[in-house]
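Please keep the sequence and the model in view while reading.

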Amino acid sequence: MGERIVVDAKGMACPGPITKLVKAYRKAKSGDIIEIYATDPGFKPDLEAWIKRTGNELVEISEEGGVIKAVIKVTAK
Amino acid sequence: MTERILVLGAGPGGLVSANLLALHGYDVTVVEKSEYHLFQPGMLWIAFQGHPPEKYMRPVKDLVKPTVNLVQGKVAEVNLAERTVTLEDGRRLDYDRVIIALGAHLDYDAVPGHSSLVEEFGDYFRGADYAARFWSHFKAMSRGTLVIAAADPLYKCPPAPLKAAFLAAETLRRRGVKDSVSVVLALPFIHEYPSETVAEIVAPKLREAGVEVKTMFTVDSIDAENRVIYSLEGESITYDLAAVIPAHKGPAIRLLPEEARDDDGFIKVDKYTLQIEGYDDAYAVGDCNNAPTSKTGVTAHLGAEVVVERILGFDSRFNGRTNCPIVTDGEASFVISTYDHPPIPVKFSIFKRLLEDAFIASYWSSLRDPEKWSPIFRAYFEATDPSRVGGGW
Amino acid sequence: MAERDELMEVIDKLGQPEVREALVKAVDLLANLERSGLLDLLIALTDEDVVKRIVQLVMTTGTMKLADNLPELLDKLGAIAATLAEPAEPLGITGLLESLKDPAVARGLSRLVTVLRALGGD
Ligand SMILES: Cc1cc2nc3c(=O)[nH]c(=O)nc-3n(C[C@H](O)[C@H](O)[C@H](O)COP(=O)(O)OP(=O)(O)OC[C@H]3O[C@@H](n4cnc5c(N)ncnc54)[C@H](O)[C@@H]3O)c2cc1C
């Protein structure tokens, strides 16, 4: 069973959320789940580009009340 | 009794704080470990264009006003509850207020193989001597691949690697070897710059300069023997010469209480007042704090002014303003943003290059006599505030 | 000791012919400025308050934008100035409409409207 890493990147303008994701990803192991919350509207396309490049799995992406929630399963490490 | 203010570190943040406070009759002491102050952007010119290191260094004692006490020594511990600072040699200093301006700590151990790389080739972050070492390799390069990369997306002066690539390309062209040396700029961001607005402006300039850009490449490990850099995102690049920006951490001191720092060791402050959370007699300015803005000399300078004004009793607030220059051959652009305003589109122009030349020329004087430059800088920052030139400049 | 070294450095410099020549010229320049009264003006200009006022005048959003676009602006002004030497034919309303078919004229008109908008706004 992997660990669940929760990253709060709310209120951070770019490059905040992706920076935080990269930092969390560095520490993560295969099988871990990264759950990240952000308010920066640029985060969604950036995350999609990142997923495509790294080949990790985007389990869930949703938006509620201006907060974007993304759940990523680390599969490429 | 006059208030005793301790200023830790004599970078731009510390010097501006100390020299302004000295004008107002405080008993100011600066603690600094090095004898010389280095104008850090100068490392780019040393490493990629062969400028002499001396050009960018001045003795710290020449940069403090005569009424400032200068203590040469290395800070080992700051105890915020007891209001004491202990130096490595055991000396203990007490204070009424403290301003921590120790900059960021560069961690060459965060990425395997990085310390071997920097020892072999030098770089443009670690110090003037390392920059000179880099030049000694770069100036002899006539074929192969030069890689400019970063170990983490968080580092001081976000445009630094872009500047490095532009300056490197210019030198290679002048030496007539641009066609046989490829310059690869590997960045940890999604685009050519963290802000897409800025990325759109620099991308064509990078193409023009013949720089090959690789995005989403965060250095994960370096095989210095086989000359390969591996990224966290799963790619690799082979190099003949490489400079990798190290991971940045908070200052390498013991800071009590430990809760005063974030996960990376940066000192937690209120982003407007730069006061250390929970202490009204302690501030952290410049690269050592966790304010969500770029780590730059301009930010350190403006933050120091805010702290001094607050100590004098004014309700000043730092707005997170950045003004990072990106220079190409004859032009420059600035990355201009505040806490409330993401980077605005700023086109490259000759005028901005002249402004940047003027900023560099006024550097030493603006640290020692910040009060003389304040009205000029203030007018510039107001005239170019994102709320005024929001649509672009 | 260090001060003595610094003094020696200055004396060494004076030994260089181009430094001596430059100094003589600088002294002449100063004397000329003094005779014409300009030196007093220059001294007044370096006063801190005067500097502040000049900066207030010169460092505005408008001047920053103007200076930034100076090369393009001067290009256009130069091109306009050059047309002044050519004879101009009177142009009637039909001629005006006719010339709007020229894309360069149409673009120029669009710029003029932008200028009008900037002039009329606050
Ligand atoms: C290549 C490069 C290019 C850059 N370009 C630009 C630019 O164009 N524009 C811009 O605005 N910024 C630029 N920067 C960033 C800028 O140099 C820094 O943001 C700025 O120096 C931060 O100032 P500071 O006072 O916070 O810290 P620093 O300048 O890092 O000063 C910290 C001081 O504390 C001292 N110190 C550290 N630890 C101890 C200790 N334990 N005891 C005693 N003393 C200690 C250090 O010796 C140092 O003097 C650039 C940086 C680099 C590396």
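In this predicted model, chain C meets chain B through twelve residues of its own, which are in contact with 17 residues of chain B. The size of an interface is often given as the accessible area lost when the parts come together. For chain C and chain B this area is about 1,200 Å², and 68% of it lies on carbon and sulfur atoms. Within chain C, the residues that lose the most area to chain B are C:Met59, C:Met64 and C:Asp68, which together account for 44% of what that side buries.

One of these residues, C:Asp68, also takes part in a salt bridge: its side chain meets that of B:Lys352 at 2.8 Å, N to O. The count of salt bridges between chain C and chain B is two. Across the same interface, six residue pairs are found in polar contact, with both residues at pLDDT 80 or more. On the side of chain C that touches chain B, the elements giving two or more residues are helix H4 (48–58) and helix H5 (61–68) of chain C. Of the elements on this side, H5(C) gives the most, with five residues. By class, the residues of chain C that touch chain B divide into five nonpolar, three polar and four charged.

Attention now turns to the contact of chain B with chain A. Here 18 residues come from chain B and 14 residues from chain A. The two chains bury about 1,500 Å² between them, with 60% of that area on carbon and sulfur atoms. On the chain B side, B:Ile190, B:Leu232 and B:Glu233 supply 35% of the area buried against chain A, more than any other three residues.

Eight residue pairs are in polar contact across the interface, both partners having pLDDT 80 or more. The side of chain B that touches chain A has nine nonpolar, four polar and five charged residues.

Within chain B, helix H4 (residues 128–138) has the buried residues B:Ala128, B:Tyr130, B:Ala131, B:Phe134, B:Trp135 and B:Phe138. These residues lie on the same side of H4(B), because they cover an arc of only 160° around the axis.

B:Asp281 is placed in the loop between strand E19 (254–256) and strand E20 (282–284) of chain B. Is B:Asp281 buried or exposed? Its relative accessibility is 7%, so B:Asp281 counts as buried. The side chains of B:Asp281 and B:Arg83 are joined by a polar contact of 2.6 Å. Not counting residues up to four places away in sequence, B:Asp281 touches B:Arg83, B:Tyr95, B:Asp96, B:Arg97 and B:Val98.

B:Thr338 is found in the loop between strand E22 (332–337) and helix H8 (350–361) of chain B. Because its relative accessibility is 13%, B:Thr338 counts as buried. Leaving aside neighbours within four places in sequence, B:Thr338 is in contact with B:Asn319, B:Gly320, B:Arg321, B:Asp385 and B:Pro386.

Note on methods. Residues numbered from 1 in each chain as written. Chains lettered and ligands numbered in written order. Predicted model: local features only at pLDDT ≥ 70, side-chain atom pairs only at ≥ 80, totals over all residues. Heavy atoms only, no water. Contact = heavy atoms within 4.5 Å. Buried area = accessible area lost by both parts, 1.4 Å probe. Salt bridge = Lys/Arg side-chain N within 4 Å of Asp/Glu carboxyl O. Polar contact = N/O pair within 3.5 Å; in protein donor to acceptor, adjacent residues only side chain to side chain. Helix = DSSP H or I, 4+ residues; strand = E, 2+ residues; numbered from the N terminus. Nonpolar A, V, L, I, M, F, W, Y, C, P; charged D, E, K, R; others polar. Buried < 20%, exposed > 50% of the residue type's maximum accessible area, 1.4 Å probe, protein only. Arc of directions from axis to C-beta.
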